[in-house]
Amino acid sequence: MSDDETDDLFAEMEQDNEEFLQRIEKASEDTIVGLVDAGSAAGGSMGNTDVWDLTMTLAAWKNASGELTKEEIRVELPVSKNELSQFMSEIEAYSIVKMKVRMAQHPNGFIQGLASELISTNHMDAELTLIAEELQKPVILQDPKFGSLTLDRSLNSYQGTVKWAGSEISLALSYEDESEVQELLEVARKLWEQESVWASRVADFAVEKLLERKNEIWLDEDESEVTPDEFKSRMVLQSITVYPDGEFEFWHDDGDLFWGHAIQVSGNLTEGLTDIDTPG
């Protein structure tokens, strides 16, 4: 993406955010009871400020009249840093919360809420409790190639153990919308159709991008320079994550090449391998 395209994207996001704030200011406040989804609560702040945002996604919620809505809604609550720590410790996945909130449609189409008060973090509601129990039941996708893949709702991902190049690794199908799962399976199948080719490409790409860095910066005091073959033998594939639009990531244990940092190789089916990182 060019600098101009990036600037245009940020300008569009800023405009959308401003439009949403205008809508939320005009919305009436309601007291709702909501079921927190598998992701529990999160928080953060922008810049040097004493105001933090507590955020959560409700999988289902009821308005003051008791009307049930099974549509996800993301809610933000401005809090102090101490309140953020307290609420995050109290709000777990599938907690039932009660709050005062204004809701409006974001320009991108989803409903978002801005809360003014969190009344309870452990509210009791029989109907939402039943929904929580249903959401916690295992969801397993059976695939003839990859076997049983189990849904992790907190990550929006189907995960399972598969064989790659003779070794067991983890496979994750990471989606934004569940309708994308079949597309993700097709991407994974295309990778496995050329399993040995991709395995070789990933190893060669890692050596090309990281070997010099290893030998110049990451050698222990008594460690000899690492050869390409040694580098490849020490990095061990642990998992492959597949994303929409043909994107994927290969995650490796570094074999202490980078003192415990993972080796992440990214790419897509169209362009091949495009990026590498050593996170952690």
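User: Happy to start with Lys137: with which residue does Lys137 form a salt bridge?
Analyst: Do keep in mind that this is a predicted model. The closest N and O atoms of the pair are 3.1 Å apart, and a salt bridge needs a side-chain nitrogen of Lys or Arg within 4 Å of a carboxyl oxygen of Asp or Glu. The partner of Lys137 is Glu134.

User: Thanks! Is Lys137 buried, partly exposed or exposed?
Analyst: Buried means under 20% relative accessible area and exposed means over 50%, with partly exposed in between. Lys137 has 47% relative accessibility, so Lys137 counts as partly exposed.

User: Which residue forms a salt bridge with Lys232?
Analyst: Gladly. The closest N and O atoms are 2.6 Å apart in this salt bridge. The pair links distant parts of the chain, with Lys232 in helix 6 (residues 228–234) and its partner in helix 5 (residues 195–217), 28 residues apart. That partner is Asp204.

User: And how many salt bridges does the structure hold?
Analyst: One of them joins the side chains of Asp125 and Lys62 at 3.2 Å, N to O. That pair also links distant parts of the chain: Asp125 is in the loop between strand 6 and helix 3 (126–135), while Lys62 is in strand 2 (residues 52–62). Both Asp125 and Lys62 are buried. The number of salt bridges in the structure is 13.

User: Let's turn to the strands. How many bridges join strand 5 to strand 6?
Analyst: Strand 6 covers residues 111–120 and runs antiparallel to strand 5. Within the pairing, Arg102 stands opposite Leu114 in strand 6. The number of bridges joining strand 5 to strand 6 is eight.

User: Finally, is Asp245 buried or exposed?
Analyst: Asp245 is found in the loop between strand 11 (236–242) and strand 12 (247–253). On the surface, Asp245 belongs to a patch of negative charge whose members include Glu176, Asp177 and Glu271. With 66% relative accessibility, above the 50% cut-off, Asp245 counts as exposed.

How values were computed: Residues numbered from 1 in each chain as written. Predicted model: local features only at pLDDT ≥ 70, side-chain atom pairs only at ≥ 80, totals over all residues. Heavy atoms only, no water. Patch = residues over 30% accessible without salt bridge, like charges linked within 9 Å, V, L, I, M, F, W, Y side chains within 5 Å. Areas by Shrake-Rupley, 256 points an atom, 1.4 Å probe, with all protein chains shown as cover. Lys, Arg positive; Asp, Glu negative; His and termini not counted. Charge placed at Lys NZ, Arg CZ, Asp CG, Glu CD. Helix = DSSP H or I, 4+ residues; strand = E, 2+ residues; numbered from the N terminus. Buried < 20%, exposed > 50% of the residue type's maximum accessible area, 1.4 Å probe, protein only. Pairing = 2+ DSSP bridges.
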